[in-house]
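Thanks, everyone; I would like to take a few minutes to walk through one model with you. Please have a look at the sequence and the structure first.

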Amino acid sequence: MDELWRLVDIAVSSGDRDGLRDQASLIRLRGIVHRAHDLVGMEGAPAAAAATLREALA
């Protein structure tokens, strides 16, 4: 989960170089990953984290 957040954060920081992703979508994705990370690490709720990550697919 840490690595996923790191990769999304890098994408947010580097901006839209390839024209495939808009900044708002990347920021939304980073927030979703952050919530899932906290659910797993701080709350011990992996099922809730998985449900949160599914939001990224919608």
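This is a predicted model: local features need pLDDT of at least 70, side-chain atom pairs count only at pLDDT 80 or more; totals for chains, interfaces and linings use all residues.

Thr 52 sits in helix H3, where helices are DSSP runs of H or I with at least four residues, and strands are runs of E with at least two, both numbered from the N terminus. Residues are numbered from 1 along each chain as its sequence is written, and side-chain values use heavy atoms, with hydrogens and water left out.

Is Thr 52 buried or exposed? Thr 52 is buried, with a relative accessible area of 9%, where buried means under 20%, exposed over 50% and partly exposed in between, with a 1.4 Å probe and protein chains only. Leaving aside residues up to four places away in sequence, Thr 52 touches Ile 32, Arg 35, Ala 36 and Leu 39, contact meaning heavy atoms within 4.5 Å.

Now to the helix pair. Helix H2, residues 23-41, packs with helix H3, residues 46-54, at an angle of about 175°, their axes being 8 Å apart; axes are lines fitted to C-alpha atoms over the stretch in contact, and angles run from 0 to 180 degrees between N-to-C directions. That makes H2 roughly antiparallel to H3, a term used for angles over 145 degrees, with under 35 counting as roughly parallel, 65 to 115 as roughly perpendicular and the rest as oblique.

As for the whole chain, it has three helices and zero strands, and buried residues make up 19% of its 58 residues.
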